[in-house]
Amino acid sequence: MGDNSGIGIRATISGTVYIGNDVMMGPNCTIYTRNHKTDDISRPMRGQGFQEEKPVYIGDDVWIGENVTILPGVKIGSHSIIGAGAVVTKDVPEWAVVAGNPAVVKKYRKTVE
């Protein structure tokens with residue numbers, strides 16, 4: 001975890017998560033780094049174990065709103081904003097403002113080249 005960063009109250013963070021500097025996180029956020037295995041349809045999913053861990057990377061100067069869910073392997077670019085309630089399933093570019101389920105880019109805070 002980087003300098004001047006905070007984890008929101010009641011956050012759930014499992015596995016390897018890299019958090020940059022100056023990151024703000026709202027309450028009730030969840031960050032996952034692995035999912036259940038589901039390939040063997042002859043067995044219940046609960047008995048199949050877990051997929052390999054995929055770390056999550058959060059850049060510098062990121063604002064993560066309340067009730068955000070970030071899925072395994074996602075990289076969140078520096079200076080981005082994740083809107084409240086978003087479900088982040090894919091990488092977020094630097095300077096992007098994303099929202100929704102699944103999260104999509106709504107605009108950029110700065111012109112991206």
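**Chatting through the predicted model**

Biologist: Where does Ile7 lie?

Modeller: Ile7 is in the segment before strand S1 (12-13). Keep in mind that this is a predicted model.

Biologist: Which residues make the nonpolar surface patch?

Modeller: Ile7 makes the patch together with Met1 and Ile13, and the area is about 280 Å².

Biologist: While we're at that end, what is phi of Asn4?

Modeller: Asn4 has phi near 60°, which is a positive value in a residue other than glycine. Asn4 also sits in the segment before S1. With a relative accessible area of 67%, Asn4 counts as exposed.

Biologist: And what about phi of Asp22?

Modeller: Asp22 has a positive phi near 60°, and it isn't a glycine either. You'll find Asp22 in the loop between S2 and strand S3 (24-25). Asp22 is partly exposed, at a relative accessible area of 38%.

Biologist: How many bridges join S7 to S10?

Modeller: There are 2 bridges between strand S7 (residues 69-70) and S10, and the two run parallel. If you want a place to look, Thr69 stands opposite Val87 in S10.

Biologist: What about S11, which strand does it run antiparallel to?

Modeller: Strand S11 (residues 96-99) runs antiparallel to strand S12 (residues 104-108), and 4 bridges join them. For instance, Ala96 has Tyr108 in S12 as its bridge partner.

Biologist: How many residues lie between the strands of that hairpin?

Modeller: The hairpin of S11 and S12 has 4 residues between the strands, and Gly100 takes a positive phi there, near 105°.

Biologist: Is the peptide bond from Asn101 to Pro102 cis or trans?

Modeller: The bond from Asn101 to Pro102 is cis, and its omega is near 0°. Pro102 belongs to the loop between S11 and S12, where Gly100 has its positive phi as well.

Biologist: In what sense does S9 pair with S11?

Modeller: Strand S9 (residues 81-82) pairs with S11 in the parallel sense, over 2 bridges. Here Ile82 stands opposite Val98 in S11.

Biologist: Switching to side chains. How many aromatic pairs does the count come to?

Modeller: The count comes to 1 aromatic pair. The rings of Tyr18 and Tyr57 have centres 4.7 Å apart and planes at 10°, so the pair is stacked.

Biologist: Why does that count as stacked?

Modeller: Because planes under 30 degrees apart count as stacked, and those two rings have their planes at 10°.

Biologist: Which strands do the two tyrosines lie in?

Modeller: Tyr18 lies in strand S2 (residues 17-19) and Tyr57 in strand S5 (residues 56-58). The pair therefore ties together parts that are 39 residues apart in sequence.

Biologist: What lies over the face of Phe50?

Modeller: Arg34 does, at 3.9 Å from the ring centre.

Biologist: Now salt bridges. How many turn up in the whole structure?

Modeller: The search of the whole structure finds 1. Its partners are the side chains of Asp40 and Arg43, with N to O at 3.2 Å.

Note on methods: Residues are numbered from 1 along each chain as its sequence is written. This is a predicted model: local features need pLDDT of at least 70, side-chain atom pairs count only at pLDDT 80 or more; totals for chains, interfaces and linings use all residues. Side-chain values use heavy atoms; hydrogens and water are left out. Rings of Phe, Tyr and Trp (its six-membered ring) pair if their centres lie within 6.5 Å; planes under 30 degrees apart count as stacked, over 60 as edge-to-face and the rest as tilted. A charge sits over a ring if NZ of Lys or CZ of Arg is within 6 Å of the ring centre and within 35 degrees of the ring normal. Two strands pair if DSSP finds at least two bridges between them. Patches are made of residues with over 30% relative accessible area and no salt bridge: like charges are joined within 9 Å, nonpolar side chains (Val, Leu, Ile, Met, Phe, Trp, Tyr) within 5 Å. Accessible areas come from the Shrake-Rupley method with a 1.4 Å probe; for residues, only the protein chains shown count as cover. A salt bridge is a side-chain nitrogen of Lys or Arg within 4 Å of a carboxyl oxygen of Asp or Glu. Buried means under 20% relative accessible area, exposed over 50%, partly exposed in between (1.4 Å probe, protein chains only).
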